[in-house]
Amino acid sequence: MLDRINALAAEISALTASSAAEVEELRIKYLSKKGLVSALFNDFRTVPADQKREIGQAINDLKNLATDKINALRDALSCADSCDDTLDLTRSAAPIPLGTRHPLSIVREEIIDIFRRLGFTIAEGPEIEDDWHVFSALNFAEDHPARDMQDTFFINRMPDVLLRTHTSSVQARVMEHSEPPIRIICPGRVYRNEAISARAHCFFHQVEALYVDKNVTFADLRQTLLYFAREMFGPDTQIRLRPSYFPFTEPSAEMDISCDLCGGKGCSFCKGTGWVEILGCGMVDPNVLEACGIDSKVYTGFALGMGVERITNLKYRVKDLRMFSENDVRFLEEFTAAH
């Protein structure tokens with residue numbers, strides 16, 4: 001019987017197949033219930049007792065050999081059908097459309113990158129704030145309109161807990177817990193109780209900057225603003241500072257840039273003035289420094305803040321602010337090549 005087993009082993013080792021159907025025929029021939037290997041198990045009953053162990057082991061090895069051989073033939077044919085040397089197996093099975101960054105994210109990162117080159121670091125804070133960091137520490141009077149419920153979202157009608165109306169609250173927190181020099185930029189989302197329209201929204205995004213150190217002057221502020229404007233809008237951009245009022249800065253100013261559409265000659269975009277307003281700024285009010293534990297007789301500083309939506313409008317001419325939050329894929333796909 002050993003000769004019969006050895007002959008089948010040699011036969012099985014030499015098996016070949018050119019199709020899946022042939023492989024199945026070989027499986028039936030050798031491994032089915034009526035196959036040649038199964039027939040050996042039936043004949044095993046006639047083997048003398050002293051040879052059963054040797055013959056039994058040989059039959060099991062033959063069965064394993066037949067199983068491995070047929071599986072190998074099946075795998076080889078499967079690979080031949082599916083494998084192609086010219087196919088790049090690292091590619092996805094089907095083209096996947098790539099998404100794009102949101103225009104507000106593109107502009108925010110560009111603003112942050114400009115100020116990073118000036119040595120500013122990012123500071124962040126909570127969107128749910130208290131009255132002290134949003135108003136009191138920033139020199140807002142008790143009867144200031146911003147404290148009214150029609151202008152600010154208060155939490156559960158609690159007078160001291162609200163959604164921040166500006167990222168200046170981050171500046172207050174940093175000044176409370178840091179020693180000058182302080183040079184930070186504060187990007188984030190803010191909330192104001194305004195009717196939603198093409199030109200206004202109840203939430204929007206700001207980027208504010210703060211620099212506090214010894215001997216900081218308005219000239220430092222102006223040079224920083226000029227650098228930012230030319231990096232963001234082009235080397236020929238001019239700036240103009242107009243006196244204004246903010247509770248947390250004194251003196252205060254609003255900054256305009258020369259209209260890049262008409263080159264300052266006047267057009268419908270700049271309403272014929274040749275200038276477009278982009279941000280507010282000023283020297284940090286001494287009362288703010290003192291409220292945050294900084295000696296205003298030793299240190300001075302400047303602060304500035306801008307709306308990211310405003311800057312994005314200037315760069316991409318988006319006329320309706322609602323487009324930024326409606327998740328219209330057609331609108332977002334327009335910025336695929338922006339960065």
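**View 1. Arg117 and Asp113 form a salt bridge in this predicted model.** The closest N and O atoms of the pair are 2.5 Å apart; a salt bridge here is a side-chain nitrogen of Lys or Arg within 4 Å of a carboxyl oxygen of Asp or Glu. Arg117 is partly exposed, at 43% relative accessible area, and Asp113 is partly exposed too, at 36%. Buried means under 20% relative accessible area, exposed over 50%, and partly exposed in between (1.4 Å probe, protein chains only). Residues are numbered from 1 along each chain as its sequence is written, and side-chain values use heavy atoms, with hydrogens and water left out. As the model is predicted, local features need pLDDT of at least 70 and side-chain atom pairs count only at pLDDT 80 or more, while totals for chains, interfaces and linings use all residues.

**View 2. Further salt bridges include Glu24 with Arg27 and Arg330 with Asp328.** Between Glu24 and Arg27 the closest N and O atoms are 2.8 Å apart. These two residues are three apart in helix α2 (residues 20-31), which means a separation of about one helical turn. Helices (H or I, at least four residues) and strands (E, at least two) are DSSP runs, numbered from the N terminus. Glu24 is partly exposed at 33%, and Arg27 is partly exposed at 29%. In the Arg330 and Asp328 bridge the N to O distance is 2.9 Å, and Arg330 is exposed, with a relative accessible area of 65%.

**View 3. Seven strands make an open sheet with mixed pairing.** The strand order is β1-β4-β5-β9-β8-β7-β6; two strands pair if DSSP finds at least two bridges between them. β1 (121-122) and β6 (239-246) are at the edges with a single partner strand each, so one side of each has no neighbour in the sheet. Helix α5 packs on the sheet and touches β1, β4 (182-191), β5 and β9, where contact means heavy atoms within 4.5 Å. The direction of α5 makes about 165° with that of β4; axes are lines fitted to C-alpha atoms, for helices over the stretch in contact, and angles run from 0 to 180 degrees between N-to-C directions.

**View 4. Strand β8 pairs with β7 and with β9.** β7 and β8 are antiparallel and share eight bridges. Ser258 stands opposite Trp275 of β8, and Ser252 has Gly282 of β8 as its bridge partner. β8 and β9 also run antiparallel, joined by five bridges, and Gly280 stands opposite Gly305 in β9. Eight of the 10 residues of β8 are buried, so this strand is largely enclosed by the rest of the structure.

**View 5. The largest nonpolar core has 44 residues.** Such a core is a set of buried Ala, Val, Leu, Ile, Met, Phe, Trp, Tyr and Cys residues joined through side-chain atoms within 4.5 Å. Ile111, Phe115, Phe228, Ile257, Ile278, Leu304 and Met306 touch the most other members. Elements giving two or more residues to this core include α5 (103-116), α8 (218-233), β8 (275-284) and β9 (300-307). Leaving aside neighbours within four places in sequence, Phe228 contacts Ile111, Ile114, Phe115, Ile278, Leu279 and Met306. Another core, of 26 residues, lies apart from this one and has Leu138, Val170, Cys292 and Tyr299 among its members.
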